[in-house]
Each structure stands twice: as structure tokens, then as C-alpha cells.
Amino acid sequence: MNYKETLANSINRVEKLVSESIKIDSSGIPLPSWIEISPIDVCNRVCTFCPKSDDSIAPNQQHKMPSVLYKKMSKELKEIGFTGTIMIAGYGEPLLNKDVIEMCQVFSEISNVEITTNGDPLNEKFIKDLYNSGVSKIIISMYDGAHQIDEFNNLFSKAGISPSQYILRDRWYTKEDNYGVKLTNRAGVLNNNQIIDNNKQCFYPFYSMMVDWNGDVFLCTQDWNRRIKTGNLMLNSVYEVWTSKILKKYRTHLSNCKRDLPPCNTCDADGTLHGEQYAKIWKKYYES
């Protein structure tokens, strides 16, 4: 495997999912096409490049998303005609949430559902249960070494799962190779000594939502300090959050190449890999 090729394939695949899911409602508002959900705030691993490696930044906390919340979300997404992807991943290891099978069943009734995991909790039965619940793809980040390729291929083969239904990502590299990930400073949480360009567009808030275990919605997946909350889905509807004034403020700044608001002003993420068409639609909507 070559991590650069893995990253390129991942970017191209997500771009296809995002760009093919553009749906504009009767008001001229583009609906989100990518919703990342963090079902639990615990991880069983400690990765150097992840904020979870520092308890002062992102400690493990035994919090998990209640069923009433993901059922409410699914109902509201169905009502607005959501046709995008639900990515179950977030700030912890999602498969540590004991309700993940039911969660996948609920969301798969209305959308494409994928899971990003370190793969540690998986066994043959768990894999079968996940796909039977409606999961379309499992993305596994491998941190231990190349030997994991055969281990996971054999495990999925025993479960009767085709190689087209899962993705293995090589993530066992050193700091010199950015650990095999598209490394960012997580909106200023980590110090990567990267140059920050505050005069650059970013499209995250135009096409995606980041939902925490308790329903808090954050500006984007990069905001690991959870600084900018755009709403709470236990109190607000998905549509209310998606069309909120605070998101209008950030979208307006970011579409005008102004990363001057926190946490954008400390973020080194590219932010332009996906969602450019969404930004154009939002700009047209705000101008009208």
C-alpha cells in the first residue's frame, strides 16, 4: 500500500459522494450532503497525531448518544429529503457504542451510512451485524503495520463481505510521513508548525455537519476544541441549525476568503477539497 495513493482515493471517493448528493429545497437552500456523527466520546487507542492523546485537550468521557437523539435526527432528515451520507466516526471509536447497530439501522432507512473505525472491536459476527443493519461501507484505519492488511482481509472474507464493501487505510507511518494521514492542526488544537493562510476559502460549513454525542452541532469536523456550537439537535431541528444565523456569518466570511473568525483563524486545514458548488449555491441564496 502507498498512503499517498490511499489519501488520494479517499479524497476522490468523498468528493463523488458529496458532489452527487446536491439537493436544493424549495427555498433555494442546498441541504447538507455529509453528516458526521460522534456516537461516543471514548477511544481505546492513543495516537500521537490525535487530540485524544492529551487528556487536557480531549479526555475520554463515558458519554454516548441516546437513542432518542438519533431517532429524532433520522426523522427530521427524512422530512427535509436528505439524500447524503451519514458518517459514523467523530471524536472517539464509534464501535465502542453498544447501540451502534440500532443507530445504523435507523439511519440506513433514510440515507447512505458509513463507519470509520480503528477496527479493534471487530469480529466476524460484529461485521455481519453491521452490514445487516444497513451499513454500506466500513473504513478501517490501520495503525499497527502492514500485517493488518491480511488480518482484516481474512476477517471480512470469513464474514462473507466483498472487498468492495470495505476500505483499508494504511496509517502506521512515522511523523516524517505525517503518520499516513492528511494531517491538520485540528483548528489550532495541535501544534504542527504549519503556516496558516487566513485569506483562503473553506467549504466545510457549506455542505457538512458535525454532530456530537449530546446533539451539539459544531462548525466542522476540525473543531476539536468544540468552540463554535451552531445549535443542539435535542433543542433545535436539523433544518433550524443548518439555516442558522451563526452559520450564515461563517459561510459569508469563508466564501469571501476571510478566515478571521475563531477557530478558522487558527486552522490550517485545506477546506476546499469538497463543497465548492455548495458554496456557490449558498452565496447566491444569501445574495437573493
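This is a predicted model: local features need pLDDT of at least 70, side-chain atom pairs count only at pLDDT 80 or more; totals for chains, interfaces and linings use all residues.
**Notebook: Asp129 and onwards**

I started at Asp129, which counts as partly exposed because its relative accessibility is 26% (buried is under 20%, exposed over 50%, partly exposed in between, with a 1.4 Å probe and protein chains only). Residues are numbered from 1 along each chain as its sequence is written, and side-chain values use heavy atoms, leaving out hydrogens and water.

**Salt bridges**

I looked up the partner of Asp129: a salt bridge joins its side chain to Lys125, 2.7 Å from N to O (the rule is a side-chain nitrogen of Lys or Arg within 4 Å of a carboxyl oxygen of Asp or Glu). Both residues lie in helix H4, four residues apart, about one turn of the helix (helices are DSSP runs of H or I with at least four residues, strands are E runs of at least two, numbered from the N terminus). Lys125 is exposed, at 58% relative accessibility.

I then checked the network: shared partners join Asp41, Lys52, Asp212 and Arg226 through salt bridges. Within it, Lys52 and Asp41 meet at 3.1 Å, N to O. Both Lys52 and Asp41 are buried.

Next came Asp120 with Arg45, whose closest N and O atoms are 2.7 Å apart. Asp120 is partly exposed at 35%, while Arg45 is buried at 19%. My count by this rule is 15 salt bridges.

**Rings**

I found 13 aromatic pairs (ring centres of Phe, Tyr or Trp, using the six-membered ring of Trp, within 6.5 Å; planes under 30 degrees apart are stacked, over 60 edge-to-face, the rest tilted). Tyr70 and Phe107 make a tilted pair, with centres 6.5 Å apart and planes at 50°. Tyr70 is buried at 0%, and Phe107 is buried at 0%.

Ring pairs also link Trp242, Trp282, Tyr285 and Tyr286 into a cluster. Arg251 lies over the face of Trp242, 4.5 Å from the ring centre (the rule wants NZ of Lys or CZ of Arg within 6 Å of the centre and within 35 degrees of the ring normal). The charged end of Arg251 also sits over Trp282, at 3.9 Å from its ring centre.
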